[in-house]
Protein chains: 2
Amino acid sequence: MTALSDHRTAIRPTMADVAAEAHVSVKTVSRVVNHEPGVRPDTAERVRAVIERLGFRRHDGARMMRQGRTFTIALVVEDLANPFYSQIGAAVEREARIRQHQLITASAEGSPTRERAVIEALVNRRVDGIVVVPADESASSDAAVEASQTPIVYMDRPVRGAPRDTVLSDNHGGIRSAVEHLVAHGHRSIGLFGDDPAFWTARQRREAFVATHQSLGLPGSPRVSMGPHSPTSVRESLTRWTQGTDATTAVITGNNRITIALLLALRDLRLPLSLVGYDDFELADLVDPPVTVVHQDPAAMGQKAAQQLFARLLGDESPAQTVVMPTRLVVRGSGLRRGPASR
Amino acid sequence: MTALSDHRTAIRPTMADVAAEAHVSVKTVSRVVNHEPGVRPDTAERVRAVIERLGFRRHDGARMMRQGRTFTIALVVEDLANPFYSQIGAAVEREARIRQHQLITASAEGSPTRERAVIEALVNRRVDGIVVVPADESASSDAAVEASQTPIVYMDRPVRGAPRDTVLSDNHGGIRSAVEHLVAHGHRSIGLFGDDPAFWTARQRREAFVATHQSLGLPGSPRVSMGPHSPTSVRESLTRWTQGTDATTAVITGNNRITIALLLALRDLRLPLSLVGYDDFELADLVDPPVTVVHQDPAAMGQKAAQQLFARLLGDESPAQTVVMPTRLVVRGSGLRRGPASR
DNA sequence: GGCAGGCATGACAGCGTTGTCTGACCACCG
DNA sequence: CGGTGGTCAGACAACGCTGTCATGCCTGCC
């Protein structure tokens, strides 16, 4: 009589326990907990007192199940420790939090297989939506995922197959601004150290580099070295490029890691080389000279992606949209022309 | 007759749908889905075929509810974009993933109130356990949380109240190694730039600094300037400290941000100052001279915390444990004695 | 032929909540 | 005094799954 679930009461009280204790029905407890109208103030007060006394907490799992939504979104990236992704994560989490949702983060470690498994698990949990930085261009367009109506927004890289909302960075514009900056400072022979062409973004940046090179009518054929790169591999190309009459006077590095590899290589080589790095990095202005970079805004991208996702959750049925986020050239000095005599 | 939930079938098939289609009971479908024994191979095959055809996915929410566990753990930190926390996040996620659990990450933005709200929401979700880097020393020891039997592991900072598993970094040892390193290189007048004493770790490091100062019998009273710090505030103290006969010749910076502030200040000041920074940072060896640091290993800490949490989930009932993770002095050059003539 | 014992399968309840519907009660009005 | 309408409260089912228990069938053995 005292409780519907005597032994469990000690563990974790349910609405039934509260109801029994307060001599009301379970439904009335539910109404009080959810601030629904139609409960007399004194009844509500009595229920609240019992809730307090028993330490009752609503079981959101049961609630979700009943309501068919989980108030959860997920973020799937390659590696959470990577600042690019963690900034995205922070932004997405923020958007989720202000909408009373929670965020599940998962790393796929760059493996399409793992990514598929992770997404499937998320779909099985019935997360309300997913933001994915896809491991490869075909990875997630899995039949199962397609079939599940779970809204997905892709980031940073597009995915083939059924069109989905996608948030990209303006790789082309970023590279163009870098090249133009260097040209404006008198450089004519510019090299590119790109990342592994397995990455879509790396290919994009290479294409943009070549295209800009041509559209600006720069002499010679564009010098490009695609990664993966180490300080050693960078040094090798550099020594080759800086010989002869058309010596390279400036380089663009295709991402963060390569920028660092280049800086390490430069420290030994002591070449009068100008530089624009793709991706901003924390200490860019502590290096000597401070490094001019193409700044992408991962936080803004993450925010945008989350916002797009939530629009879908709220019923937006418009056709899938691709947003290209602008980049910004942050001029710090390393892009200036430096004669051998300087410094 | 064809299905228990006709209209919903189009949306998302359930075991009941599969069962009806395969002419078996729901329980048999369950058995097949979960690879339980006791199903004839041909029956299983038939069920699998239907599952495939309908695109059935088990609803994990329902499963969790039935089983009373969510296969979910949570991580609560101040700011996911901060590398220290994101490295922890990556490590915790990894431990969770290899145990078939998922990770909910939440930022409390340094506010104890928000932290409490976040944790309460997680408890309501019945996450199986929580790793928390607490915003303050009393924050999470909330009655509600205490009452919920949810296992919690604290990281980086201890929390007053009922003892809980805690993973700390060896602040004392880290500072001591830094001071000893500087002393070994001939420094006698060493200053500390600590963070805001509101942070437990900042206070710890200050205490350790003072204690080491005394135990090594260094002359004079220890010079300490607690934060928050900016390049300006650092420069101010520096100019004061480096005058007179007992001029400070080396400083220790209490964390990452302060190290950077100091480097910025030094760039203008051009003082022959030695430095050991607390916390490693990405480009520490690209700065000139490369910065010697006390390295904490956030990934190892996160891993340890997650492992401790999972031990509890597996039924470990031993008394709460506090683990202190070692730090490591990474010598890169900035700690060496530098006369005014050098460079 | 009868029965023990094993195997394959199913019926049913229940996890904790909420949506729907029904009902009790009271006040007010013509 | 009967009818209308509003307010508060409860009964019940359902969300989709799994644990427990029951059932039916077949095999093998005495």
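Helices (H or I, at least four residues) and strands (E, at least two) are taken here as DSSP runs, numbered from the N terminus. The largest share of the surface near DNA strand C comes from helix 5 of chain A, which gives four residues; a residue counts as near a molecule or strand if one of its heavy atoms lies within 4 Å of it. This is a predicted model, in which local features need pLDDT of at least 70 and side-chain atom pairs count only at pLDDT 80 or more, while totals for chains, interfaces and linings use all residues. Residues are numbered from 1 along each chain as its sequence is written, chains are lettered from A and ligands numbered from 1 in the order in which they are written, and side-chain values use heavy atoms, with hydrogens and water left out.

Around DNA strand C there are 27 residues, of which Met15(A), Arg66(A), Thr28(B), Thr43(B) and Arg66(B) come nearest. By type, the residues of this surface split into seven nonpolar, ten polar and ten charged. For that count, Ala, Val, Leu, Ile, Met, Phe, Trp, Tyr, Cys and Pro are nonpolar, Asp, Glu, Lys and Arg are charged, and the others, Gly among them, are polar.

Some individual pairs can be picked out. Arg66(B) goes for a base: an N or O atom in its side chain is 3.1 Å from a base nitrogen of DNA strand C. The elements giving two or more residues to this surface are helix 3 (26-33) and helix 5 (60-67) of chain A, together with helix 3 (26-33) and helix 5 (60-67) of chain B.

How are the two protein chains related? A rotation of 180 degrees, with 0.0 Å of shift along its axis, superposes chain A on chain B with an RMSD of 0.1 Å. That is the relation of a two-fold axis. In chain A, the C-alpha nearest the axis belongs to Ile104(A), 2.2 Å from it. The superposition is by least squares on the C-alpha atoms of residues with pLDDT of at least 70 in both copies. Of the interface residues of chain A, 100% are also interface residues in chain B, so the copies meet through the same surface.

Asp60(B), in helix 5 of chain B, touches Ala121(A), Asn124(A) and Arg125(A), leaving aside residues up to four places away in sequence; contact here means heavy atoms within 4.5 Å. Asp60(B) is buried, with a relative accessible area of 13%. Buried stands for under 20% relative accessible area, exposed for over 50%, and partly exposed for in between (1.4 Å probe, protein chains only). The side chains of Asp60(B) and Arg58(B) are joined by a polar contact of 3.0 Å. A polar contact is a pair of N or O atoms within 3.5 Å; within protein, one must be able to donate a hydrogen and the other to accept it, and residues adjacent in sequence count only if both atoms are side-chain atoms.

Further along chain B, helix 10 (residues 200-215) has 16 residues and reaches 22 Å from its first C-alpha to its last, close to the 22 Å expected at 1.5 Å a residue. The expected span is 1.5 Å times one less than the number of residues. Among the buried residues of helix 10 are Trp200(B), Arg205(B), Phe209(B) and His213(B). Their cover includes strand 5 (165-169), helix 9 (171-184) and strand 6 (190-194) of chain B. Just after the helix, Gly217(B) takes a positive phi of about 65 degrees.

Helix 12 of chain B (residues 256-269) has 14 residues. Its N-terminal end is capped by Asn255(B), with a side-chain oxygen 3.1 Å from the backbone nitrogen of Arg257(B). Buried residues of helix 12 include Thr259(B) and Leu263(B). Both of these are touched by Val291(B), whose other contacts include Phe281(B) and Val330(B). Val291(B) lies in the loop between strand 9 and strand 10 (292-295) of chain B and is buried, with a relative accessible area of 0%.
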